[in-house]
Amino acid sequence: MQGVLAVFPQLDAVCAAIRDLKAKKVPKVTVYTPTIQHEIDDAIDAPTSVVRVFTLIGASLGVTFGYWVSIWSSEYWPLQVGGKAIASWIPYTIMGFEMFVMVGCLSTVAGMFINAQIPRLVTNFGFDKRFTHADYGIWIETTPDKFDELERTLRAHGAVEVRGER
Amino acid sequence: MATTAKPVVGKIKRPNIPAAGIQVPAVSTFEQVDNEILATLKPSSKWFMGLGVAVFAMLIGASAWAYQIYWGLGNAGYVPPVMWGVYIITFVFWVGIGHAGTLISAILYLFRAGFRTTIYRASEAMTVFAVMTAGLFPIIHIGRPWKFFWLIPYPNWRLLYPQFKSPLLWDVFAISTYLTISTTFLYLGLIPDFAVMRDRETNPVRKRIFAMLSLGWKNTDREWRHFAKMYMFLAAFSTPLVLSVHSVVSFDFAMALTPGWHTTIFPPYFVGGAIFSGFAMVWTILIPIRKWWHLEHYVTLNHLDATAKVVLFTSLMVGSGYLSEFFIAWFSGVAPEQEYFWNRVFGQWWWAAWILLICNMILPLSLFSQKLRRNPVWLFILSIFINIGMWYERFVIVVPSLSHEFEPWQWTHYTPSWIDMCFLVGSFGWFFMWFLLFIKQMPVIAIAEVKEIVPPKMLHGHGGHH
Amino acid sequence: MSTESGATGVKRRDFLKILGVTTAATAATGCSTDQVRKLIPYVASPDGTVPGVSNYFASTCRECATSCGILVETRDGRALKVEGNPNTELNRGALCAKGQASLQGLYNPDRFRQPMARKNGQLAPITWDEALQMLATRLGEVRSKGQAANVVFINQHESGSFPAFLDNWLAGYGMPAHISYDADAPASAIAAHKAAYGVSWPTFDFDAASLIVSFGADFLDGWGPSVPLQLAWADARSKIEGAPRAIYIGARRSLTGLNADSWIACKPGSELAIIQFLRGTKSAADAAAASDVSVATLDGLKKEITGAKRSLLLAGGNAADSAQVATEVAEYNKALGNVGITVKPAAPLGIYQRLDVSAAVYNVADRMNLGTVPVLFVRGANPVHTLPRSAKFAEGLAKVGFKVSFTNVPDETTELADLILPDHHGLESWGDAEPSANTLHLQQPSMEPVFQTRATADVLIDVAKKDPALASKYAVADYRNWLVARFPGGQAAHTQALTKGVAAASSLRAADRSAGDLSRKAAPGFAGTGDFHLVINPSPTLGTGAGANKPWLMELPDPVSKIAWQSWVEMHPIACKKLGLVRGDLVTIETAAGKATLPVYNYLGIRPDTIGVSLGLGHKSQSAKKYDPDSDRKTPYFTGYGRYAEGVGINAVDLVSGDTDAVSGGIAYSSMKAKVTKTGENTDLITTEGSARQHSRGIGQATTLAALIAARTNKEAGHDEHGAAAKPAEHGEGAAAGGHEIGPKEWGGNEHEFVGGAPTNFLPGLRSPVANDAQGDLGTQDSKAKGMYSEQHWSGMAKRRWAMTVDLSRCTGCSACVTACYSENNIPTVGASWQGRALSPTVWDTRPGANILKGREMAWIRLERYFEGADDAENTFDPGFDTRFVPMMCQHCGNAPCEPVCPVYATYHAPDGLNVQVYNRCVGTRYCSNNCPYKVRYYNWFGYGEPGRRQYAFPEPMQMQLNPDVTVRGKGVMEKCTFCVQRIREAETRADLEHRPLQADEFTTACAQACPSKAITFGDAADPTWTVAKHVEDERAYHVFEVLNTYTAVVYLKKINHTVEA
Amino acid sequence: MTQRKKWAVIPGFLVVGAIAAGLSAWSGATARQADAAQAPAAANKLAYPKFSGLSGTNLDGVRNNTEAEALPRIKGTEGLLLNAAQGPWAYSGASSPQNYSPEQPVKFPHPQHVQKLGMNCTYCHNSAGKAQDPGLPAVATCMGCHTLVATGQPEIKKLAAYYAKGQPVPWARIHKVPEYVHFPHSRHANGGVTCQTCHGEIQKMPQVFQYSSLNMGWCVNCHIERKARYDCSTCHY
C-alpha cells in the first residue's frame, strides 16, 4: 500500500489540514488521534456509526433467545414446581433481560470490530508510534505521483513531518 | 471518553465530561500522562511482597476447597436449618463490591460525571475481579460442585434442562452476563491503552503481547468513531444490568418465604448496599495506590469528595432500608416476622445487627463534614468499617433469618468454622492476586481517557474552552 | 464416580457367594460401577426365592420380655427390616423402636464373629470344636470335683421354652436352676400383681375404663409390655365418646405423664401416702403434708376416682416402697370393683413368668466374692453394667474359676469372660415365646447366620451329647428339632404355624421363682443428704443399657428431653434459677453412693425438689484400651459395649446404693438424696429441640373432648351445618380450657382474602384432591392439565393424591416411627464418635453426637414436643401444662415452596401428589431447605453413605441392613421423607403384574406400619375407598401453617384434651 | 486503507470448530450404527433413530426411522424428543458402557441354546417376569442338562468343576444401570417389551455385548413411545 503520512503535534493544525483535504476532495484519508477530540470529529463530520444496527439485532435476538430457551425447555418436559404455571413469563423475563444484555453487548462489540476493522495483524503501515503518544496524524492512501502535492498541503497546515510510503 | 452527540459544525464545544467540573489541573500534556501512568507499571519489591501474601491467601482458600470437595460440606459451620452461611454471605458481599465499578464506568459515564475518568479503570478492574471471586462461591457452596454444569441449559442425553423459575438460575444468568459484560468493558477500554504500551515498549516479548492485546489498534478516526458508539451502548446496557444483577441476587432471598427474607424492599436496598460497599472498596484500593504511586494529581481530593457524596447517599439509602424492614415487620402484624426482627436486634443476633448498624448507618454520617470527605486517611479507615459492616449486613440477612424461622422446633444458632474462614481469606487472596497482577501489567488509570481531559496542544493558542 | 453409591464390602460379597444372587437394576446396596463386576448366581436355587423379591418370615422379637410377633423382610437372603406381625393379638402389627432396631443387633459391627477364649489374659479366636471341647472338659471337672451345685447360670430373661430347657440341661449336670435376670423388668408391679391378683401380669383393659390413674406406671415409656399397652391406650383414648381421662401421679412427668391429662406432682416417695389416703387409711391432711399436694387436689382425685364409671389404677415406680404402693393400688382396684373389668387377672400375660429379681443376682455376686462359684455362665444379661457398684459383681467375677459367656456382643460382663460362645442373634435363631396362655409366638431364623455363631441351645445339646450320661436325653439333632418334637402336630403343623408366626400351643413352662434373698432392703424414703431427691428411670429407648450399641436407638432423641448421645440431669427451672444454672451447665451430682457430672436440662415436668437422670448409657470397658475412632472403626471392637456405646454418658446406677425394694427385690433406683453443685462449666446439650414452645404458631393443635361432643350434638340437632359450630375444633374456638389453645387465629389470622379469591378457611379434606389442582384458583388451566398432570393422561398418575393423616389424639411421642423410617429409608445415623466434623485440617471432633450438636441429624420424621402453659416456670411451679407431640415429616405440599427454588428440578411435584426428591439430580444448593417452612429437608454434609469414608454410617456388616429399594445418598445431596415412594411404586408394580387396580389400604408407609398407636394413616386421598380419605374429612383436621397457602398433603387431627367437668 | 480482512480468521476458527464438532457428533452416531450393524441385521429393527442433529428436535416426537413411524405418534408436549440422546455427548458415565463385551468365565453361547435348541429366555432367567431382577440360572439348573449333554466339551468341564466345588459361576456383569435407577424387569417384560428391545438380538450373540446405551434419553424415549410413565419418580427414588 502506498501513501503519505503526516505528523501534527497540534490539534488545530490537524483539523485545518483535514478541512483542507476535505475541501480538495482527497479520498482515502485516515486521521490519527491519541484520544477522541471533538474538534477532529467536527472537522471530519463522519456519518453516524452503524454499530447501533448490530446492537439492535443482537439485543432482539438475545431477548428472543432468553424467553425461548426458558419457555421451550419448560414445555419440553413439563414438570410442576410449587403449583406454578409450567411456563411462566414473569420469571422468564429475567432470562430474557440477561440474554438481551449479553447478546446485545457482544454483538455491539462485534459490530465495532467489524466496522473498525480490528483485530488487524499489521500496524507498521501508514502509522507512526507517536500517534498513540501525543501527536496527531494523517495518512492518505494514494499513488506516489501525488506525494509532493499532498506534502505541500500538509506542511502548509503545520505538519512537522511528512513521509511517503511506497 | 467519546462523545455521543455529533458536534455542531462551527460551534466546537468540548461539552461533556470535562465540563462536569472535576479536572486534573496538574496534568498538562499528553506526554506527561503517558510517562507518569506507564511509570506505575514497574514492579517494586513491595508489590512482590503484596502479591506473595495474596497468592498465599489464595492458596489457603484453594486447599480448603480441595479439602471440602473431598470430605463434603460438613466441616463448614452449617447448623441446619441454617443451610446457607459464610459462602453465600461472601458471595453477596463480592457481587456487591463489583457494583461500584460498573456504576462508575457506565452510569456515571451516561450521567457525564467527570470525576469518573481517572478512577474508572481501577474500579472496573475491581468489578471484574470481584465478580470473578463472587462467581466461585455459588460453586463452592453447593454440595456437588462437579455437577454445577447442570445449571447451564445445553442439549444433553438426560433430556433435562434447568428450572428457569429458580432464583438461583437467574443468578447464574445474571452473574455470567455481568462477568462477560464487565470483562468486555474493561478490555475494550484497555485497547487504546494497549496500543500506547505497544508503541512505547522496548522489550520485544512484551511488545508482542501488547500488540496482540491491542488487536492492531491504530487510533484511526474510523476506529474512534465506532469505538465511541460501542462504548456508549455498552454503558447503556451496563446501566440496567448493574441495577438488575444485585436485584436478582436479592431475589434469592426475597423470593423465599423465610421471615426476614420475604420482602419487596430487597432489590433497591441490595443495589444501594452494593454501590455503598463497592465505593468503600474503591477507596480501600485507590487511596493507597494514589499515595504510593504519587497519583494524587490524577485522583484528586475533588474525586474523593465526589465519591464520598455517593457513599453518604447510599448509606442513607441502606439505612432507610434497615429501618423500613423493622417498620414493615411491625406494621405487617405477622407474628413470625415480628419475632424474627426482635430476635435480630435484641435477641441472639444483637451483636451482628449492631455491628452493621454502626458501620453502615452511623459512621458514614461523618461524611456530612466536608473536612472528613476530603481526608483520605479517614476515608480509608471508614472504607474498612464499611466493608466489615456490609459483610455483616449479609450475615444478618442470611443467618439469623434461617436460624429463626417458622418452625420453632428448628430454631438454632450458627457459628462459622475454620474452613469458612479459610474461604473468606482465600477470596480476598484471590481478589487481590488478580488486582495486583492487573495493576502492574496494565495502566490503572485510563491513558486515552485522561488525555481527553488534558488540554490539547494548539498551534494558534488554546482553542476550545476549558 | 457415582456418588450415590451404596454400601459394599468384602463381607457382602462373601455372603453372596454362599447365598444368593443379587444386583441388576436395584439401587441401593449398590456398589459403584467398578465394584460390582460379577454376577453371582445361586449354586442351587432355594425353593420359593425369587431374586429381588422380598420374603417375609414371621418370628418373635427378643429385644424385651414382651416377645412381640414380628415379620422380618428378607431379600436375597438377608434381613432388611423388622416389622410387627399383624397376625398377633399381642402387638397387632405394631413394633416399638427397640424391636425395629433389633436389626442393628444382628448386623452390629462389634458382634463376636467366632468363639473366643482367654489366652494369656487376651481373648483370642478359637474354633467351635475347641470351644465345645473346652466347655465339656470344664463341666467334667466341675462335676468330678462335686462343685456342680455351685455353678451359676445367668440368662437374660425371656419367655418361652428355653428357660425350662435350660433348667433341664443344668439339672442334668447337677447344676442349680438358672437365674433369669431382666434389669428392665417392672419388678414392683410384678410383685404387687402376684400378691394381689396371683398372676405376674394381668391384662389391663384401657378401653373399658373411663378414668386411668397411674402411680408412676410409665406404660408408654417401656414399662411392662409396652407395645400392647400403648395400642390399648391409643385405641381407648382416640374414641371420642367414653374415652378415658388419664391422671399421672409422680414426681417426674414421664412420657406417660406427658400424655396424661393431669399431673399430680407429688413428692417422690409419697405415692404411698396418696394411695393410703384414697383407701381411707390416711387423712387428707397427712397425705397432703407427705406429698406436697394440696388437700383440694387430693379430694378432687378421690372424687374423680370414686365418681368414675369404671377406673383403672396402675402403679409402677422404682422407689424403695414401690412394690408396697403397687400392692395397695392393686387392692384399691379390687375395692373399686375394677378387677375383671379393667384389670383382668383371668387373662394373664406370661411374659414375666419365672423372672428373677436383682436381689437374686446380688446373691450371686456375694457368693462369687466369697469364692464359692467355680463356673459362671452368662447369656445376654450384663450384670456388671446394670447392677450398682456396691454389688461388686465385677470384683466377684475375678474370683470365679471359669466364666463362660454366650452373649453375642461384647459387653462389660462378657469382656471379663474366659470363654465366649457367641449365641445367634434372635433373628437367626429358633425359639418360641408364650406371651399369653396357649398363644405361642414362634421364632425362626430369617437368614443364615451372619457370623460363625451358634445358638446356645444347640451348644448345650452338643455339649450334652459329648457326655455319655446325658447323650440319651439329648437325642435330637438340634434345638429346632427339639421344639418341633414337642409342638402339637409335629413338623408339618410347625411349618404351617411358622407361616403365621402364631400358634395355639404352649411352651415348656418353668416354675415361677420366689423373690429370693431380700437382705439388702432399702429403707423407705430417700437415703443420704442433699437438697434434691434423685429419681432414676430406665430410658424409654435404651432401657437399662441394652440399646446403647444400636445407633438407631442412640440417635433417637429421648421422647421427653429430646436429648441423644448424652446423659443429662433434669431439673426444674425454679431449681436451676436457685442454683444459678442455665441449660447445659455442668453440675456435679453427689449421692451417698457416688457422683457424676452431667449437663442440666431444665425440664418443666419435674418437681423443683427433685432431679431426674435416665439409665441406659455409661458403658465403659474394663480394659485400659479406649475406643479410638481413627483406628478402631475399621475393625470389630470387642471391648466395652462396642463402638457406639463406649464412653457415651454416665451410668446412673452408679449413683444408687443398690438396696432393693423391700417387697419385690428389684433395685430401688429412686431412693437417694443428692447434692447438686455447680461446676461453672457449660456444655452443649445434644438435643434436637430448638424451642420447646410453639409461639402461637398452631403446629400442634388441640381441642377438648367436651367441645367435640358439644359440636357433634349441635350438628345432629341440625344447627348450622357449615358454620364454626360444625367444626368446633377449628381455630381453637371451642378449646378455651386450659387457656393454652393455639390456632391459626393467633398467627396470620384467617380473615384475609388471598389474591385470586383462594379460600383461606380450612375446608375439611384436602384442598386439592389431585396434585395438579394444587394451584388452586390461582393456577392457569393450561398448566394444570399439562402432560402427566392431566387426569386424562395415559399414565393416570394425576388421578391419585397420596396423603397422610396424623392423629395427635393417638400419638404418644414414642418415636417408633422414627426408627422405622431409618430402617426403611437407609437413613444414616450421624452421631457416632468418628462421624464428627474436622475442627482443624487434621483434628476431628470425636465427641459422640458431635453432628447432632450441629443439628445434622437425618431423621426424615421427627417428633416435636411442644409445651403449652407453665409460662412462668422460673418462678412458679405449674404442673398443669399441656404437651403436644407432633410427628413432623415432609408435608408434600401441593404448593411446595421448596420446588420452585431448585435450579435443576431435583425436587418437583409428581402428578400423584408427591413432592419428589431426585437424589441423583440434586446438586446440593440447599435452597429448598431454606424455603421449607416445616424444615423437613436433610442434607448429607458428609459421605455418610459412601463406603470407605470416615463418616460412613454403615460399617460392615451393617450395610446388609440397607434397603435395596432405596438409593443410598452420597454426600452433598438433599434428602427428605418420600412418603415411602418405593412402597408406592412396588405396590403399583405388583398390581400391574396381577392385572388389577390398586386396592384400598393395600400398603402403607413404614412409619404408619410401625406406629404402636396407629396414629398415622397413609393412602390415596383422592379415592374415597381409602381410609385416609375419610380421615382427612375429620372434624379435627388441620394443616400446619395453613396461612402459608402450601396445601399440604399431611393432615393433622387435633389432640383431644380431657378436661375435668366442673 | 489498511490491511483488512485479517479479522476473518476469527469467524474462520469458529467455522472450523463447528465443523469439527459436527463431524465428531456424526462419527459418534455412525459408530453406533456400525455397532448395531455388527449384530445381525434384524437388530436394526428397533435400533435407535439415526442422528439427525439437534435441529431435528421438535415437539411432535417424530422420529426419522421407519420402524418408529409405525408406533403411535406422540403429540404435543408429550414429545420429549430426542435426538440429543445420540452423539458423543450421549455417553452416560454412570451406566455400563455400550458395546461392553467382557469374556465370561464359561463361554455361554446364547445362539446354541436359544436358536438351535429353542429354549425360552425365562427358562434360565426365570424371574424376569416376576421380579426387579431377571435372575441367573443356578449352576444346578445348568447341570440339569449338562450332567448328560455335551459333557466332554471344555466349557462344560469348567462348569462341572464349579458345580463340584459347590461354587457359583462368577459371571462378568455387562449391563448395569446406576444405583439410583430402579429398573424392574418384571414390569417391562409383562408390559410387552421384548428382551431384544433393550438387549438387542441377544439370541444371536455368541458373546454378549451391551447393545443399548442405557442412558437416560434412551430410557425416556422408549417410555414415551410405549406410553409408559415418564415421571422422574417412576425410576428415581
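1. Let's start at one residue of chain D. D:His223 touches D:His188, D:Ala228, D:Arg229, D:Thr234 and D:Cys235, leaving aside residues up to four places away in sequence; touching, or contact, means heavy atoms within 4.5 Å. D:His223 sits in helix H9 (residues 216-225) of chain D, helices being DSSP runs (H or I) of at least four residues and strands (E) of at least two, numbered from the N terminus. A polar atom of the D:His223 side chain lies 2.6 Å from the backbone oxygen of D:Arg229. With a relative accessible area of 15%, D:His223 is buried (buried is under 20%, exposed over 50%, partly exposed in between, using a 1.4 Å probe and protein chains only).

2. A word on how to read all this. This is a predicted model, in which local features need pLDDT of at least 70 and side-chain atom pairs count only at pLDDT 80 or more, while totals for chains, interfaces and linings use all residues. Residues are numbered from 1 along each chain as its sequence is written, chains are lettered from A and ligands numbered from 1 in the order in which they are written, and side-chain values use heavy atoms, with hydrogens and water left out.

3. Now step back to the whole of chain D. Chain D has 9 helices and 1 strand, in the order α-α-α-α-α-α-β-α-α-α from the N terminus on. Of its 237 residues, 45% count as buried.

4. Chain A has 5 helices and 4 strands, following the pattern β-α-β-α-α-α-β-α-β along the sequence. Its C-alpha trace spans about 80 × 30 × 30 Å along the principal axes. The radius of gyration of chain A is 25 Å, whereas a compact globule of 166 residues would have one near 15 Å (taken over C-alpha atoms; the globule rule is 2.2 Å times the number of residues to the power 0.38). Even so, buried residues make up 62% of chain A.

5. How many residues of chain B are in contact with chain A? There are 73 of them, facing 74 residues of chain A. Together the two chains bury about 6,500 Å², 69% of it on carbon and sulfur atoms; buried area is the accessible area (1.4 Å probe) that two parts lose on being put together, summed over both. B:Lys165, B:Lys218 and B:Phe237 supply 12% of the area that chain B buries against chain A, more than any other three residues.

6. A salt bridge is a side-chain nitrogen of Lys or Arg within 4 Å of a carboxyl oxygen of Asp or Glu.

7. C:Asp235 pairs with C:Arg810, with the closest N and O atoms 3.0 Å apart. This pair links distant parts of the chain, 575 residues apart: C:Asp235 is in helix H7 (residues 226-238) and C:Arg810 in the loop between strand S28 (802-807) and helix H24 (816-824). C:Asp235 is partly exposed at 23% relative accessible area, while C:Arg810 is buried at 16%. In another pair, C:Glu824 and C:Arg983 meet at 2.9 Å, N to O. C:Glu824 is buried at 4% relative accessibility, and C:Arg983 is buried at 14%.

Conventions
A polar contact is a pair of N or O atoms within 3.5 Å; within protein, one must be able to donate a hydrogen and the other to accept it, and residues adjacent in sequence count only if both atoms are side-chain atoms.
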